[in-house]
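Hi,

Here is the structure I promised to pass on to you. Have a look at it first, and then read on for what turned up.

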Amino acid sequence: MASLLAAAAAGGLLFGAGLPSRGGAEPTADNVPQAAATPVPPKRLTIGTTTPPEPQPGLTVDRLQPGQKPPQFVVVSFDGSCETPEGIMRHYLDTAKAVDGRFTFNLSAVCVLPRTDAKYAYQAPDRPAGQSDIGFAVPEWVPSRITTWTEAYRAGHEIATHYVGHFCGPSGVNTWSTEQWAAEIDQFNQLLTNWPQNNPDVVGLDALPFDPSVIKGGRTPCLEGQRDQMYPAMVAAGYTYEASNHGKLAWPTRVPDYPLWDFPLQSINLAGTSSTVLSMDYNFLANLNNGQTEATPETCAAIDKTVWESYLRAADAVYNGNRAPLFIGNHFNDWACGSFTASLTRFITDFKKMHPDVRFVSNLDLERWLEAQDPAVLAELQARPMQQYGG
């Protein structure tokens, strides 16, 4: 198993000639025999997160005056957020830096739980220990995930949750009670904090610069879960927003009856058609390639163009209309020749070039901006009609 090992210093005896002095040769730095250097043992962590968390770079929050045009926000979030050998997370970190943006990374705890006996540290509700519908980490990939999560946090990106086992369908998270959701959140927190114990061969890394207290929301597996069961568990965990609902091109409001902001994926027009699609890569894949991840080069090129154009038209509509934030969800994937990574990257860079005033922010950034607004000004924004536009 690959490890990050601290280099041991190789030592020897060093001799050199010194000028004679009264009373004989005096020891100097050049002529004193040096003892062999003591090898530095690899750095092993017992706790893998920093409490309290390191402070993140702040984001300027402007308080609107009545009648003032609001900023155009675009919120890009990624589910899973497991760095790959191809470096897709680093690619998005570079993309964000190029547009002075901040993204939301919804972490899956199995990203750092290796597919060794350590996987039995996770026990999902109503399932045997060591079971996950998205598998477990290749041990050799864990160091790069810790490194990129650290880099992302220190650059101001949001660390959020995609929970652990990703159980969808008839026996998945949709059946969970509040207590089971609470157990899943607790296990996510433990696996994040205890990543060094679960990866004993990974040494020489620093603790993550954050702990579970920074997590204020996330997205559920497959957008599933009974809301009246999961919301109480989220509130009890200190979460302040939820990003698993379907929505329209409208200003966000709070979830009814709960102190949670509702930051949904949005229904947008599928370019070149009269249909709509949810603003996430998987939903485009289902519409454009029947959910199949492999495609011909011609189909890949068509998917790339359609996704890019769909995002761009939706963004233009709100920019020139009600100015509602645009929410986009994505995964770290190479589906359809990598067309979803290509189209999203191109949209981000192109829209920024077209409108330098656009702000790419995280869910948490947006929440803080909304919270800072005068209630009357915010109510006016929320009362604006849903943005409509042609496909």
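Predicted model: local features only at pLDDT ≥ 70, side-chain atom pairs only at ≥ 80, totals over all residues.

Strand 2 has pairings with strand 1 and with strand 3. Strand 1 (73-80) runs parallel to strand 2, and four bridges join the two. One of the residue pairs here is Gly-80 with Leu-107 of strand 2 as its bridge partner.

How buried is Thr-148? Its relative accessible area is 2%, so it falls well within the buried class. Beyond its neighbours within four places in sequence, Thr-148 is in contact with Glu-83, Met-89, Arg-90 and Leu-93.

Another part to look at is an open sheet of three strands, in the order 5-7-8 and with mixed pairing. Strand 5 (246-247) and strand 8 are the edge strands; each has a single partner strand, so one side of each has no neighbour in the sheet. Strand 5 and strand 7 run parallel and are joined by two bridges, and Gly-247 has Gln-266 in strand 7 as its bridge partner. Helix 6 packs on this sheet, where it touches strand 7 and strand 8, and its direction makes about 140 degrees with that of strand 8.

Which residues of helix 6 (residues 281-289) are buried? They are Asp-281, Phe-284, Leu-285 and Asn-289. These residues lie on the same side of helix 6, because they cover an arc of only 105 degrees around the axis. The elements that cover them include strand 7 (265-269) and strand 8 (276-278), along with helix 7 (297-319), strand 9 (326-331) and helix 8 (335-354). Just after helix 6, Asn-290 takes a positive phi of about 55 degrees.

**Backbone details**

Two further residues have a positive phi although neither is a glycine. For Asp-126 the value is about 60 degrees, and this residue sits in the loop between strand 2 and helix 2 (142-154). For His-166 the value is about 55 degrees, and its place is the loop between strand 3 (158-161) and helix 3 (178-193). Are these two residues buried or exposed? Asp-126 counts as exposed because its relative accessibility is 69%, whereas His-166, at 18%, counts as buried.

Lastly, there is a cis peptide bond from Thr-51 to Pro-52, with omega near -5 degrees. Pro-52 belongs to the segment before strand 1.

Best wishes

Technical notes: Residues numbered from 1 in each chain as written. Heavy atoms only, no water. Buried < 20%, exposed > 50% of the residue type's maximum accessible area, 1.4 Å probe, protein only. Arc of directions from axis to C-beta. Contact = heavy atoms within 4.5 Å. Pairing = 2+ DSSP bridges. Axes fitted to C-alpha atoms, helices over the stretch in contact; angles between N-to-C directions.
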